[in-house]
Amino acid sequence: RLDGPVRGNGKIIQELEGEFRGSGWNVIKLIWGKGWDELLARDKSGKLKQLMMETLDGDYQAMKANDGAYVRKHFFGKYPETAKLVAHMSDEEIFELRRGGHEPEKVYAAFHQAHHNTTGQPTVLLVKTVKGYGMGKAGEGKNTVHQTKKLTDEDIKYIRDRFNIPVPDSELPKLPYYKPAEDTPEMRYLHERRRALGGYLPKRRVKADEQFKTPELSTFQAVLDPTAEGREISTTQAYVRFLTQLLRDKDIGPRVVPILVDEARTFGMEGLFRQIGIYNPKGQLYTPVDKDQVMYYREDKAGQILQEGINEAGGMASWIAAATSYSTSNRIMIPFYVYYSMFGFQRIGDLAWAAGDMQARGFLLGGTSGRTTLNGEGLQHEDGHSHILAGTIPNCISYDPTFAHEVAVIMHRGLKRMVEDQENVFYYITLLNENYPMPGLKPGTEEQILKGMYLLEEADASKPVSVNLLGSGTILRESQVAKLLLEEDWGIGANVWSCPSFNELARDGQNAERWNLLHPTELACVPFVTQQLGRTNGPVIASTDYMKNYAEQIRAFIPKGRSYKVLGTDGFGRSDFRSKLRQHFEVNRHYIVVAALKALADDGAIPAEKVAEAIAKYGIDANKINPLYA
């Protein structure tokens, strides 16, 4: 703790020792420097050991923040026996009594003992040091040392003398670096160690030496094709089918690392128990209660699934280890960590940021995603902001797909970028547990899906006016129904656009704006959103199962002169039916229709009375509280 002692009223080393010993660890404590050895040897009364145990961490800090006279009076002076032990020592000699972490020989001895531990226990070293060691009055042992920006000439001289640095007084104002001669034992040792450790600078492996070829997209044709009537699936099932097919690849399959913290059956992944097994270094020493079932809970020494228990941070740590294996171990691994989406960035956001910083490669999959999807458990599960959080990480590529073919196209491209091309990105994909018909891939839309937007359904050209309905995830299906209502109830055409990633659309638009800013005399770059909507006419209405900020990101790239309205799920969740939640958050088909009519009325294309008529027709309570504050 920078501001003060961690346990000013206690003894942190004793506390940690109890924790580790109680957990079965071998504990080595290095508290006192060699100057204390003689005093302890002469401590026949045991008073010195007693004094050491009685003195609190806050008091120990004060001893090093002052001087030898202070230590003599307030520490050794507590008992006649301990005062007598240092009667022959000067104040300077008392102050020179070091903590163990500042004695190189003792530090070496502690590591040597840990290295040669034969008990089979893991070892922890608890080493005591002094904050600001060697700074004297300028900062040694003081709470403010981490903010000390300047040193006086006297401070510099003190440090020079304290560590016997051979720099004359005349050179001190220049603050010279001291470097021993090349033939000195110190320099020979340093060079020898750097050579043994592989060089003078830390080196990171940027790409693994091995190479893999991504299977063709057609390998996952079963996920790309439309579902048969009565055989509806969810996007989570689409992911599992994709993963199952990938595991069959003789080259890439063994490198796949499925990770779960719990509830594999919720995600439809129990089939993998039998197929590849759950990794356990001890195998399975018991008979599982469901052994008579085809998909029983199978643990195996050669298992591939990492099931961490209900521990999202642990699951993310395993994911990071596999996702950076290409660099740390020269071995490409492909981790797929699936979890309830609310339990991802919401809980381990800092680990996700660290993963980006470490150039991780892999898939994070947020199941039961969206604010209105997992309807029975209220705030705990209803995620309306994970994509906003994902967008803060520069190398996180995020998608909110609605259909199975979108999942397949996105994951296939992710494999190509991360495995075949060894590009330093990772993917966040949200999945749904709602079953509905899957329309299948329209050939030629693959790149548009990846860029974040493609035309799913065209407007009826016979209608006098039209609108554009944008959506992602589960709410895109509300836009599809809204299209029918607009055409049947109001005689208005509607293009329906599937937008698997408003984050990617926003990044593309921002990149285009940056290009245009820095290349004012060259042909202007047109954002992808502008290109797509430029082929149509009429207002644009975006609806998602996420906060309005998610779709608001592309407002700047809507073609000029076109109105843009955003519906989203701002506010806390509720436990209710999905249809009720979508009504509560004002993102269902009726609100989409009303938003479209209002945009047309604002443009003067229809009278405002039509909007009021729609509000009444669909039973919308115009005076209900804003869901943001409900």
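The model is predicted. In UniProt, an unreviewed entry annotates residues 452-587 as "domain: Transketolase-like C-terminal". The points below cover an open sheet of five strands, aromatic pairs and charges placed over rings.

**Sheet**

- The five strands of the open sheet follow the order β11-β13-β12-β14-β15, and their pairing is mixed.
- The edges are formed by β11 (454-457) and β15 (564-567); each has a single partner strand, so one side of each has no neighbour in the sheet.
- On average, neighbouring strands of this sheet are turned by 30° against each other, with direction ignored.
- Strands β12 (residues 466-471) and β14 (residues 540-543) run parallel and are joined by four bridges.
- Within this pairing, L469 has I541 in β14 as its bridge partner.
- Helix α25 (residues 589-602) packs on the sheet and touches β12, β14 and β15. The direction of α25 makes about 160° with that of β15.

**Aromatic pairs**

- Over the whole structure, a search finds 23 aromatic pairs.
- F273 and Y297 have ring centres 5.3 Å apart and planes at 75°; the pair is edge-to-face because an angle over 60 degrees counts as such.
- This pair links distant parts of the chain, 24 residues apart: F273 belongs to helix α13 (residues 271-275), while Y297 lies in the loop between β4 (278-279) and β5 (299-300).
- F273 has 1% relative accessibility and therefore counts as buried, the limit being under 20%.
- Y297 has a relative accessible area of 24% and is partly exposed.
- W319 and F426 also form an edge-to-face pair, with ring centres 5.5 Å apart and planes at 70°.
- Here too the pair links distant parts of the chain, with W319 in helix α14 (residues 312-323) and F426 in strand β10 (residues 426-430), 107 residues apart.
- Both W319 and F426 are buried.
- One aromatic cluster is made up of W32, W36, Y60, F75 and F76.

**Charges over rings**

- K291 lies over the face of Y296, at 5.3 Å from the centre of the ring.
- R361 has its charged end over the ring of Y326, 3.4 Å from the ring centre.

How values were computed. Residues are numbered from 1 along each chain as its sequence is written. This is a predicted model: local features need pLDDT of at least 70, side-chain atom pairs count only at pLDDT 80 or more; totals for chains, interfaces and linings use all residues. Side-chain values use heavy atoms; hydrogens and water are left out. Two strands pair if DSSP finds at least two bridges between them. Helices (H or I, at least four residues) and strands (E, at least two) are DSSP runs, numbered from the N terminus. Axes are lines fitted to C-alpha atoms, for helices over the stretch in contact, and angles run from 0 to 180 degrees between N-to-C directions. Contact means heavy atoms within 4.5 Å. UniProt positions are given in the numbering used here, feature names are shortened, and annotations may be inferred rather than shown by experiment. Rings of Phe, Tyr and Trp (its six-membered ring) pair if their centres lie within 6.5 Å; planes under 30 degrees apart count as stacked, over 60 as edge-to-face and the rest as tilted. Buried means under 20% relative accessible area, exposed over 50%, partly exposed in between (1.4 Å probe, protein chains only). A charge sits over a ring if NZ of Lys or CZ of Arg is within 6 Å of the ring centre and within 35 degrees of the ring normal.
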